[in-house]
Amino acid sequence: MEIGFKSRCAAALLAAGLITATHAADIPGITQWPLASIQPDHADDRDLQPFAQAIGNARVVALGEQTHGGAEEFLLKTRLVKYLHEHMGFDVLLLESGFYDMGRLATRMEQGEKLDDMAPGNVFYMYAKSAEGRMLLQYLDHQRALGKPMALAGIDSQHTGALSISDLLPGLQAFLAKQAPALSTGPGWNAYRQAAQPLFAMNRAAPNAEARAAFERHAAAIDNALCASKDASVGGAAWWCRVSRSVQAQAATYWSGDKNYQRDNAMGDNAIWLADTLFKGKKIVVWAHTIHVAKGFQRTPENLQAGEVMFRHWGSDYKVAQFTAADGDVVEFASMQPFKIPKPVPGSLEAQLADSGKALLGLSATSPVTLPQSSFDYAEPMTGRLGQNWDVLFYVRTMTPVHMTR
């Protein structure tokens with residue numbers, strides 16, 4: 001049934017003159033180059049020079065992933081992080097993981113603890129528990145041991161890590177006790193705490209109207225007390241402001257059944273604060289799912305995806321790399337079951353890349369490529385475009401599942 005649906009789509013597109021039967025090498029407007037390897041320890045990086053040319057002088061480079069469960073995606077992304085850090089001066093990594101949790105872990109890393117040891121339960125589990133995801137964490141530990149550290153922070157406004165569950169609200173209360181004592185005790189704080197704590201266990205049930213109003217009043221008071229601060233430090237008032245606003249975004253998203261989806265708005269704002277305040281002047285890598293970093297996507301005019309928030313703020317200083325495949329399997333992260341990548345739509349970019357016979361390619365484009373392309377999780381509708389929603393595309397002929405190691 002799926003193949004028949006895709007064939008009908010392709011036939012309609014062909015009839016409309018929107019796709020052609022050209023091979024990838026003949027597609028106008030695309031620059032492509034062979035990749036020597038996906039392995040992070042590949043010694044010769046000359047094959048990544050076209051990637052460097054494609055991102056140019058951008059200060060923020062986002063590395064997407066169509067799924068959270070493709071081994072080759074994680075390996076190649078780690079190779080790119082290594083290249084960006086060691087050859088292009090990118091010294092900060094912003095990870096799709098809880099803003100609060102990653103701030104705490106970063107502080108502990110500076111005190112000598114290893115990220116790979118601390119990650120389970122605190123870093124998003126597909127990164128913390130897969131062999132391929134752990135290569136990134138181990139690389140960060142290795143660079144710190146060499147005295148060439150890459151700073152680390154999290155952008156996610158959805159807090160579900162162990163540190164968030166146990167420490168976020170007690171830490172906020174302790175900070176408020178010093179900064180705004182009246183907000184750290186009494187009925188207002190109790191109402192805020194009772195409404196917020198279930199969020200970290202991913203409890204989406206909305207409190208009653210009275211409890212929700214009390215939460216929102218206290219959240220606004222915390223905002224007023226903290227968010228005008230210029231303190232650019234982990235654990236300072238401005239940092240706690242971002243934590244509090246993330247909690248508000250998580251509440252709005254969960255309690256509306258995603259109708260008021262504020263998660264990505266807050267993710268983008270977290271990334272902007274980190275890049276422009278905490279890590280002002282430094283070059284930034286963002287590592288997250290493509291749905292969170294691609295340019296030009298929104299659920300509604302008020303509910304932007306994080307990549308669009310960042311693109312509107314940084315403009316041409318923000319570049320995005322996407323990853324795709326034509327065959328293979330990945331781990332579907334919600335069910336942890338194997339998921340077979342569908343056969344590409346005939347005439348699509350992935351189909352033409354498969355027809356080219358190449359196993360590893362990099363591609364870039366400076367204007368939108370109108371061929372159908374896989375966007376998120378290899379599912380339809382396929383709406384993203386190279387040259388519009390992402391600036392660089394890395395193609396791996398066959399994807400394999402990540403290996404969960406703990």
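Student: How should I read contacts in the protein chain, and what share of those between residues at least 6 apart in sequence join residues at least 24 apart?

Tutor: A contact means heavy atoms within 4.5 Å, and in this chain 77% of the contacts between residues at least 6 apart join residues at least 24 apart. Please remember that this is a predicted model, in which local features need pLDDT of at least 70 and side-chain atom pairs count only at pLDDT 80 or more, while totals for chains, interfaces and linings use all residues. Residues are numbered from 1 along each chain as its sequence is written, and side-chain values use heavy atoms, with hydrogens and water left out.

Student: How many helices and strands are in the protein chain?

Tutor: Helices (H or I, at least four residues) and strands (E, at least two) are DSSP runs, numbered from the N terminus, and the protein chain has 15 helices and 11 strands.

Student: Where does tyrosine 378 lie, and is it buried or exposed?

Tutor: Buried means under 20% relative accessible area, exposed over 50%, and partly exposed in between, with a 1.4 Å probe and protein chains only. Tyrosine 378 lies in the loop between strand 10 and strand 11, and it is buried, at 5% relative accessible area. Its phi is near 60°, a positive value in a residue other than glycine.

Student: Which residues does a cis peptide bond join?

Tutor: The bond joins glutamate 380 and proline 381, with omega about 0°, and proline 381 is placed in the loop between strand 10 (360-364) and strand 11 (392-399).
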